[in-house]
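Biologist: Hello! Could we walk through this model together, one feature at a time?

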Amino acid sequence: FNFMVFFAFVFFIYLCSVVTPLKALRTVSKIDGKKRVVIVGGGVGGLAVASRIAASSSRSKSNDSRNDDDSVVEVLLLEKNSEEMAGGRCGSFDRVIKGKGTFRHERGPSLLLLKDEYEKLFTDCGSTSEQHDLKFAQCVPAYQVVFDDGDTVELGFPGGRADSKCNRESLSREKLDSFEKDGATKWDEYMKASSAFLDCGLPNFIEERLDLASFPEFVYQALRQGGKCWPLKPHSDVLDAIFDSEKMKCLASFQDLYVGLEPYRNNKQFGGGVIKKTAPAVFSLLAALELHPDNKRSGVFAPIGG
């Protein structure tokens, strides 16, 4: 029964995720005989959409033998703030200090995930990130976690390396073992389930493209050992089933805060709170996105120069 309910839920969510974009595609209108698209918001998402539409329109015009304006789409980008705020949280601004130089400041995070998505944007627009002096370096380790008692541990080491940082990875695994018995092995188990959720969740529910090949491992990880890592449980239920120490549980779940949720079960709410403020266990994909050693979509990156 749980197996059928699970697939019904997945199929329903997938249908919901694709219907809205399909409706949005019909909002292109003609004004004065020209096609016009209006995009509200000049953040990184708005800029990306505008760039893709403009680049596609340009290619269509150059390939159109009729040489008329019917293939041209006029793109209008609306942003409530000043022009220098374009880019939103991915924007930056310069300040000149006399006698010292020009200093660049980020408006948001200086690190990013899903590097390939940014590179694909340039490719879709007929260019490359390198042509615009945008280069990325992976942060190894991804970061250092500092606990309130002063204890620290480094996380996020890509696999298959043979460099000086391998020793730091060994120290990291020893640290995990110090938090609880077989801590590093349990971490590997958690990363394996999280990676399966990432591989299925990212294409099917975030990128909105059906990827059937990702479902078998997703289902296996969800159902193994009696649903130990069932993705719709409160996140803390899965953490309690895998880890003993509070530090290990914190390492595996603080990413829930990124999306304004918390990992803890709320017994006063239906489903342990997962329909309100409690993150379901599937959100462990955020940890895999940052920290998994081998997943091709994982890694924390820094754009060189900001």
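Biologist: Which residues line the second largest pocket?

Modeller: This is a predicted model, where local features need pLDDT of at least 70 and side-chain atom pairs count only at pLDDT 80 or more, while totals for chains, interfaces and linings use all residues. Residues are numbered from 1 along each chain as its sequence is written, and side-chain values use heavy atoms, with hydrogens and water left out. On a 1 Å grid over the protein atoms alone, a pocket is an open set of points where a 1.4 Å probe fits, with protein on both sides within 12 Å along at least five of seven lines, and lining residues have an atom within 4 Å of a point. By that rule the lining is Ser236, Leu239, Asp240, Glu246, Lys249, Cys250, Ser253, Phe254, Leu257, Pro263 and Tyr264.

Biologist: Which helices each supply at least two residues of that lining?

Modeller: Helices are DSSP runs of H or I of at least four residues and strands are runs of E of at least two, numbered from the N terminus. The helices supplying at least two lining residues each are α7 (235–242) and α8.

Biologist: How do the residues of this lining divide into nonpolar, polar and charged?

Modeller: Ala, Val, Leu, Ile, Met, Phe, Trp, Tyr, Cys and Pro count as nonpolar, Asp, Glu, Lys and Arg as charged, and the others, Gly among them, as polar. The lining then splits into six nonpolar, two polar and three charged.

Biologist: Where is leucine 114 found, and is it buried or exposed?

Modeller: Most residues other than glycine have a negative phi, and most peptide bonds are trans. Leucine 114 has a positive phi, near 50°, in the loop between β5 (101–106) and α3 (115–124). Because its relative accessibility is 17%, leucine 114 counts as buried.

Biologist: And why does glutamate 208 count as partly exposed?

Modeller: Glutamate 208 also has a positive phi, near 60°, and its place is the loop between α5 (183–206) and α6 (215–227). It counts as partly exposed because its relative accessibility is 33%.

Biologist: Which peptide bond is cis, with omega near -5°?

Modeller: Look at the loop between β6 (136–138) and β7 (143–146), where proline 141 lies. The cis bond runs from valine 140 to proline 141.

Biologist: How far apart in space are isoleucine 39 and leucine 78?

Modeller: Isoleucine 39 belongs to strand β2 (residues 34–40) and is buried, with a relative accessible area of 9%. Among the residues it touches are Val49, Ile53 and Leu78. Although 39 residues separate isoleucine 39 and leucine 78 in sequence, their C-alpha atoms are apart by 6.1 Å.

Note on methods. Buried < 20%, exposed > 50% of the residue type's maximum accessible area, 1.4 Å probe, protein only. Contact = heavy atoms within 4.5 Å. Lists of a residue's contacts leave out its neighbours within four places in sequence.
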